[in-house]
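Please open the model in your viewer and keep a selection panel at hand. The stops below can be taken in order.

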Amino acid sequence: MHGYSIVVVTWQSAPMLEALVATMNRHLGSAPELVVVDNLSRDDPERAVREYRGRVRFVPLERNLGFGAACNIGVENATGSCVVMLNPDTELVDASLDQLAAFALRRRALAGPRLLNPDGSVQPSASGAPVGPWPWIGAIFPGRLQPRPLRDRTEPWRAPHTIRVAWLTGACVAGLREALLALGPFDPAIQLYAEDMDLGLRAARAGIPSYFCPDVCRVVHRGGASTSIAFPQGAGRLAAGNRRAVVRRAYGVRHERASWLAQRVNLRLRVAAKCALGRDASANRDALEATRNADSVPNLPALSNRNPASV
């Protein structure tokens, strides 16, 4: 497919960007435009960008604006009718990114691929509604044991087919450029974590659906490299607090508190189950501690009344 752009935001991630560009050169015969926005890195990302065989726009920033604000600048600089926002720590396994962009353009929607770990295992990369009965069902009943109609609501990332979801993990999201511009796409008030959830919820409010497309596109996502540099002690509490802020702005305090409680119950049961089975529960235990400690909720500005669906 021609006519789409790829936007990548970098910070201290030149080796990963180099690997991503190599897979783009290998798999994308369409050679879409590549826009790289750099948050004042010291590792020369422009050198990796120059290896791309398609059209390139490199936008160096004078200071680190954070992921969301930098990505917004990338979308502004893109010229394609569709934009794929792609993390630098991803790699393509085939040419299916073309089909993901085509799907987003055809459906006038946000679209995300199945994300894979480097070993080929599946990452959670699409989520259901954070409020209502579904978080509680997901907390009490393990996703693997749920019938498909329930699992599609609680853990849609397990689905083998294209399905509408509440929001997509921001490692790879495709959408119409004009709609993304009207949305932001990201809220610069959220510098890191939960900005992808916020985008999906705001898009739905504006009439733009999000689709998880595991049968359309697959992308490898290594994850966490830049985060480990910026937050060597971990950023779980920040992530949990931002999630609370996003849900609170979208649904109000009462629904957000119920969602927070459901998330804690979910993690507590996961820890108990893994301990009973003799499995490592440290990651779930850390997430539970971070969620429990996220009692201070950041204040986000009120939602805009702009309607991207009309563009």
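Predicted model: local features only at pLDDT ≥ 70, side-chain atom pairs only at ≥ 80, totals over all residues.

Residues are numbered from 1 along each chain as its sequence is written, and side-chain values use heavy atoms, with hydrogens and water left out.

Select Thr 23 in helix α1, residues 14–27 (helices are DSSP runs of H or I, at least four residues, numbered from the N terminus). Thr 23 is buried, with a relative accessible area of 4% (buried means under 20%, exposed over 50%, partly exposed in between, with a 1.4 Å probe and protein chains only). Leaving aside residues up to four places away in sequence, Thr 23 touches Glu 91 and Leu 92 (contact means heavy atoms within 4.5 Å).

Next, select helix α8, residues 195–205, where 9 of the 11 residues are buried, among them Met 197, Leu 199 and Arg 202. Just after α8, Gly 207 takes a positive phi of about 90°.

Move on to Leu 238 in helix α10, residues 236–251, which counts as partly exposed at 35% relative accessibility. A C-alpha to C-alpha distance from Leu 238 to Glu 51 comes to 36 Å, for a pair 187 residues apart in sequence.

Finally, select Leu 269 in helix α11, residues 253–276, which is partly exposed because its relative accessibility is 41%.

Methods:
Helix = DSSP H or I, 4+ residues; strand = E, 2+ residues; numbered from the N terminus.
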